[in-house]
Amino acid sequence: MSNLRKMIFISLLIAQGVVIGLLENMIPYPFSFAPGAKLGLANLITIIALFTMPKKDSFLLVWLRLLLTTLLGGTLSTFLYSMSGAMLSYFSMLLVKKIGPKFVSIIGISATGGFMHNVGQLLTAAFIAQSWSVLLYLPILSFLGILSGIAIGIAANYLLQRVDTLRRFQIEHEQYTQQKWSPH
């Protein structure tokens, strides 16, 4: 894959992730019983990146998306929470992905990411509040994170199968890693 082609692809995914993240920040919280809970729609881009590019490129994408989203509509506080959730989610998804396509699906990896994102954010909240009682919120957020992760995984699976450009990048990535995740 040429460097220019790779940079354009990464840039487009970052731009899409930032736009999705900013749009989601404009939407009022959809869950009145779980204040602060969001769908995490921008994580769709992270899932796509995990299956279409090398780890170092997907890691760069996650960091640049976080930084740009914060610069365009966030605060230091939102950056800390987003960063802790995104990093724990990202590394957890990488770890689960290593299990391989025979044992886990894209949807399962995404559900792991949804769950671990909330764990990361709550750990940050517990550190800032100097209290572990914040973690009592984990069961509710876990349920929502897993559901959101499943929905995002289904969407990513669909896009990876139906969008030609994504499918081509995924096939190239699968040839490079020698792991086939979906029927082609």
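Which residues is K97 in contact with, leaving aside its neighbours within four places in sequence? They are L50, F51, I109, H173, Q179 and W181. Contact here means heavy atoms within 4.5 Å.

The structure is a predicted model, in which local features need pLDDT of at least 70 and side-chain atom pairs count only at pLDDT 80 or more, while totals for chains, interfaces and linings use all residues. Residues are numbered from 1 along each chain as its sequence is written, and side-chain values use heavy atoms, with hydrogens and water left out. The pLDDT is the predictor's confidence in each residue, from 0 to 100. Its mean over the chain is 89. A value of 70 or more is reached by 93% of the residues. Confidence is highest in α2, at 95, and lowest in α7, at a mean of 89. Helices (H or I, at least four residues) and strands (E, at least two) are DSSP runs, numbered from the N terminus.

K97 is found in helix α4. This lysine is buried. Buried means under 20% relative accessible area, exposed over 50%, and partly exposed in between (1.4 Å probe, protein chains only). K97 has no salt bridge. A salt bridge is a side-chain nitrogen of Lys or Arg within 4 Å of a carboxyl oxygen of Asp or Glu. The nearest side chain of opposite charge to K97 is that of E174, 8.1 Å away. In this count Lys and Arg are positive and Asp and Glu negative, whereas His and the chain ends are not counted.

Helix α4 covers residues 76-97, 22 residues in total. At 1.5 Å a residue, α4 should span 32 Å. The expected span is 1.5 Å times one less than the number of residues. The end C-alpha atoms of α4 are 31 Å apart, which agrees. The buried residues of α4 include F79, S84, G85, A86, M87, S89 and Y90. S92, M93, L94, V96 and K97 are also buried there. Their cover includes α2 (43-50), α3, α5 (106-129) and α7.

Helix α2 is mostly covered, with eight of its eight residues buried. These are N43, L44, I45, T46, I47, I48, A49 and L50. They pack against α1, α3, α4, α5, α6 (138-162) and α7.

Side chains of opposite charge can pair when their charged atoms come close. The structure holds three salt bridges. In one of them, the side chains of R5 and E172 meet at 3.0 Å, N to O. This pair links distant parts of the chain, 167 residues apart. R5 lies in helix α1 (residues 3-26) and E172 in helix α7 (residues 164-177). R5 counts as partly exposed, at 29% relative accessibility. E172 is also partly exposed, at 27%.

D57 forms a salt bridge with K6, and their closest N and O atoms are 3.5 Å apart. D57 lies in helix α3 (residues 55-73) and K6 in helix α1, so the pair ties together parts that are 51 residues apart in sequence. Both D57 and K6 are buried.

R167 forms a salt bridge with D164, with 2.4 Å between the closest N and O atoms. The two residues are three apart in helix α7, which means that about one helical turn separates them. R167 is partly exposed, at 25% relative accessibility. D164 is partly exposed as well, at 43%.

The UniProt annotation "transmembrane region", from an unreviewed entry, covers residues 7-27, 58-73, 103-128 and 134-160. UniProt positions are given in the numbering used here, feature names are shortened, and annotations may be inferred rather than shown by experiment. In the model, residues 58-73 are 100% helix and 0% strand, and the end C-alpha atoms of this span lie 22 Å apart. Residues 103-128 are 88% helix and 0% strand, with end C-alpha atoms 37 Å apart.

Backbone angles complete the account. Most residues other than glycine have a negative phi, and most peptide bonds are trans. Q130 has a positive phi of about 55 degrees although it is not a glycine. This residue lies in the loop between α5 and α6. Q130 is exposed, with a relative accessible area of 67%. Q178, not a glycine either, has a positive phi of about 60 degrees. Q178 lies in the segment after α7 and counts as exposed, at 72% relative accessibility.
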